Amino acid sequence: MATHTDFMAEALKQAQKSYDEGGLPIGAVMVENGEIIARGYNRRVQDGDPTAHGEMDCLRQAGRRARYDGVTLYTTLSPCMMCAGTIVQFGISHVVIGEAENFHGNEAFLRENGVNVIRLDDPDCIELMSRFIAEKPTLWDEDIAGNDPA
């Protein structure tokens, strides 16, 4: 049976794909009943769309569903407020976060709204995002609009 580490490795592959395309290295996978049902990655640069974050792309790939409460969303980076709000809006009850060292995100908001949050502090997620921030600080600042709720 696949573990949180296995699913996060799949999300990290999505992050790497975005990085290789010149985008922000943030990836996500959605899991239901132990199977990946959707994959996504940050496509802001590639699509010129400021809302095309990794979690949002994953949700788009999952498509329309009557309910999301039976899924777990794996994301390589702690979600921004837009993505956290979407998670709460659609009732995703479990989120597994690769890292929150490079961006503190909105874990408290998720928890306050009933989401079960697990943070893995995955060294590979931390390293890829750290490398990206060092290489492209202006693009990173654009993605978070200078807003890291530390």
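Thr76 sits in the loop between strand S3 (71-75) and helix H4 (81-89); helices (H or I, at least four residues) and strands (E, at least two) are DSSP runs, numbered from the N terminus. The model is a predicted one, in which local features need pLDDT of at least 70, side-chain atom pairs count only at pLDDT 80 or more, and totals for chains, interfaces and linings use all residues. Residues are numbered from 1 along each chain as its sequence is written, and side-chain values use heavy atoms, with hydrogens and water left out.

With a relative accessibility of 3%, Thr76 counts as buried (under 20% relative accessible area; exposed is over 50%, and partly exposed lies in between, with a 1.4 Å probe and protein chains only). Leaving aside neighbours within four places in sequence, Thr76 is in contact with Met8, Ala11, Leu12, Ala15, Pro25, Ile26, Gly27, Gly98, Glu99 and Cys125, where contact means heavy atoms within 4.5 Å.

Some of these names return in the helix packing. Two packed helices are described by the angle between their axes and the distance between the axes. Here, axes are lines fitted to C-alpha atoms, for helices over the stretch in contact, and angles run from 0 to 180 degrees between N-to-C directions. The axes of helix H1 (residues 4-20) and helix H6 (residues 123-135) come within 10 Å and cross at roughly 15 degrees. H1 and H6 are therefore roughly parallel to each other (angles under 35 degrees; over 145 is roughly antiparallel, 65 to 115 roughly perpendicular and the rest oblique). On the H1 side, Met8, Leu12, Ala15, Gln16 and Tyr19 meet Asp124, Cys125, Leu128, Arg131, Phe132 and Glu135 in H6. These contact residues divide into 7 nonpolar, 1 polar and 3 charged, with Ala, Val, Leu, Ile, Met, Phe, Trp, Tyr, Cys and Pro taken as nonpolar, Asp, Glu, Lys and Arg as charged, and the others, Gly among them, as polar.

H6 also packs against helix H7 (residues 137-144): their axes come within 5 Å and cross at roughly 110 degrees, so H6 and H7 are roughly perpendicular to each other. Met129, Phe132, Ile133, Ala134 and Glu135 of H6 make this contact with Pro137, Leu139 and Trp140 of H7. By class, there are 7 nonpolar, no polar and 1 charged residues.
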